[in-house]
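Please look over the structure below.

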Amino acid sequence: MSFNFDDADVYSVIQTIFGDVLRVNYIVDPSVKGRVTFRSVAPVTREEVMPLMEVILRLNGIGIVEEGGLYRIVPIADISKEPAPVNLGRDPEKVQITGKALVQVVPVRYIQSSEMVRVLTPFLSKNAVIIDVPKSNYIIISDTDANVKRLLQLVDVFDSEKLKQVTPQVFVYAVQNSKAKDVAALLQQIFLGAKAQTAARPASTPAKPAVAGQSPLTPQPQQPQVSMGQAAGGEALISESTRIIPDEITNSVIILATPEDYGLIYKTVQKIDIAPRQVIIEGLIVQVTLTDNLSFGLSYAMSTDVRATGIKPFKKDLNLTGPASVNASGLDQKNIPGSGFTFIGTDPSGNIRAVLKALEDRSKAKVVAAPHILVADNREARIQVGQQIPLATSTSSQPVAATTTGGTTTTAIPVVATSTIQYKDIGIILKVKPQVNDSGLISLELSQEISAIGDAVVVGGLDEVSINKTEATSNLVARDGETIIIGGLIREDTTKASSGIPLLSRIPIFGALFGNTSDKVTRNELIILLTPHVVRNQQEAKDVTSEYVDRYKRGAKDQQIDDFIRERSQKKQGSDNGGEQKEP
């Protein structure tokens, strides 16, 4: 038979096909409406009429449901409410094309059911229904049998073993040489095109590492969501579902990505997670202080006071009027030296009347410090050999409350209440930040300080501590194993002072009897040397450590030999003096 419908009402077409041609019982939903234009060039067999009718009605959003010989012509959106057959499975070959509508329950195996719903929705018939069942990872399709078969073919393509390799999976990379937080921040900037966002897994949450091949884990909602990065030309480097999360507890990076994307990330992280180079900073600080002091002179006092008549050669009959003295400050008990040659003359009452002194003081002090510190490349390190001293930064006073006793008022007197103390680091302090390049040069940012407690100074009527400080701050470049000087200071202070009776104190040789002379020479020499050594691997670090341990052992052994020789010498000396000594 042949058909020719030219803009015919869909109700007339249904009546012609189901009533006149097929001669079956049918019922039409009142909401069914539409127009049909169809012309068959070749004759159509009776078996092909129903599939042909399915196509004509589907274009108008109409479906056919058959139950007990009664055909229901209803909108496709209402098929789920009609007694349409329900099938379970995903094999498109099992769907028979009869021109009728059905309900198909499809299990999704490899991807999320919600993802499959998004894929199939554009391919549904007009007014067809698709439902997502996420808990069981199923979807339900209500459509015509021909379109259900087509949708199952799409399911077989997008939910198959072949596309399993593009399914996001959880990978765990154990960081070996760096911190997981830093590695994750770099990977996020490279691949996710966002600023470093690090959210460490809470300590109470146990780690759940996974390997490729396991079912993907849905990321926790509290984890940071980072936008997908793009290349310079706008092309995405990795898929949108990729997530990079640091785990500081296990020092690992958790990566949610497809195997293909993880391969790209893994190659990158291997280049990032490398053993950092280290630098041993070997310093040498030499400070020499030379002191040469010479002080000599005569101090005396003459007086006609009766108490001084007992001092020879001064007698009362000299009839001297008023006191006379030379270098009177030298008669003070505080200024009399405790070492060297000193002659003191006193009167019967114990007053010092004459002092003759001659003192020469020579001293030599040498301070040698050799600080060593190991620091990673481009990291800052600090070493201190010294102490912390308290310094008063502020002092507050509080007046005593005035009191009244028997009508007499006591005026308030301010007293010291509290002092603010701040501790200051002194000694030998070395701060250094090295940066090693491939050519063997080492760029150093360093600060070297040598400080010690100085003489007390009076501030506001109180004695405060002063600090003698020598500091060198520099940026320099050195080669591996090269010794360089970063600072040097040679200072010499010469002080000469003389006091005495005018003219008489300048007489050669005898002038010393009429005055006091003091010469003081102080020389300070300070040299700071630095030698950097690059440690590129663990073997070099082990060799350096062994070298220092051997040096310490040799020093301890030499000390034991010196102690043994000293003990033998003492025993031999005791034996020579007649004592009985038994050698071990």
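**Briefing on the predicted model**

Lys100 has a relative accessibility of 22%, so Lys100 counts as partly exposed. The model is predicted. The structure contains twelve salt bridges and six aromatic pairs.

**Salt bridges**

- Lys100 is bridged to Glu66, with 3.2 Å between the closest N and O atoms. This pair links distant parts of the chain, 34 residues apart: Lys100 is in the loop between strand S6 (86–88) and strand S7 (101–107), and Glu66 is in strand S4 (residues 62–67).
- Glu66 is partly exposed, at 25% relative accessibility.
- A salt bridge also joins Glu115 to Arg118, whose closest N and O atoms are 2.2 Å apart. Both residues belong to helix H3 (residues 113–120) and are three residues apart, about one turn of the helix.
- Glu115 is partly exposed at a relative accessible area of 35%, whereas Arg118, at 53%, is exposed. The cut-off for exposed is over 50%, which is why Arg118 falls in that class.
- Lys469 and Glu471 form a salt bridge with an N to O distance of 3.2 Å. Lys469 is partly exposed at 43% relative accessibility, and Glu471 is partly exposed at 44%.

**Aromatic pairs**

- Among the six aromatic pairs is that of Phe18 and Tyr26, with ring centres 5.9 Å apart; the planes are at 40 degrees, so this pair is tilted.
- Phe18 is buried, its relative accessible area being 0%, while Tyr26 is partly exposed at 25% relative accessibility.
- Phe18 also pairs with Tyr71: the ring centres are 5.8 Å apart and the planes lie at 55 degrees, so this pair is tilted. Because Phe18 is in helix H1 (residues 10–21) and Tyr71 in strand S5 (residues 70–75), the pair ties together parts that are 53 residues apart in sequence.
- Tyr71 is buried, with a relative accessible area of 12%.
- Phe171, Tyr173, Tyr262 and Tyr266 are linked into a cluster by ring pairs.

**Helix H5**

- H5 (residues 180–191) has twelve residues and, at 1.5 Å a residue, should span 16 Å; the C-alpha atoms at its ends are 16 Å apart, which agrees.
- The buried residues in H5 include Ala180, Val183, Ala184 and Ala185, together with Leu187, Gln188 and Phe191.
- Strand S11 (243–247), strand S12 (252–257) and helix H6 (259–272) are among the elements that cover the buried residues of H5.
- After H5 comes Gly193, which has a positive phi near 60 degrees.

Conventions. Residues are numbered from 1 along each chain as its sequence is written. This is a predicted model: local features need pLDDT of at least 70, side-chain atom pairs count only at pLDDT 80 or more; totals for chains, interfaces and linings use all residues. Side-chain values use heavy atoms; hydrogens and water are left out. Helices (H or I, at least four residues) and strands (E, at least two) are DSSP runs, numbered from the N terminus. The expected span of a helix is 1.5 Å times one less than its number of residues. Buried means under 20% relative accessible area, exposed over 50%, partly exposed in between (1.4 Å probe, protein chains only). Contact means heavy atoms within 4.5 Å. Rings of Phe, Tyr and Trp (its six-membered ring) pair if their centres lie within 6.5 Å; planes under 30 degrees apart count as stacked, over 60 as edge-to-face and the rest as tilted. A salt bridge is a side-chain nitrogen of Lys or Arg within 4 Å of a carboxyl oxygen of Asp or Glu.
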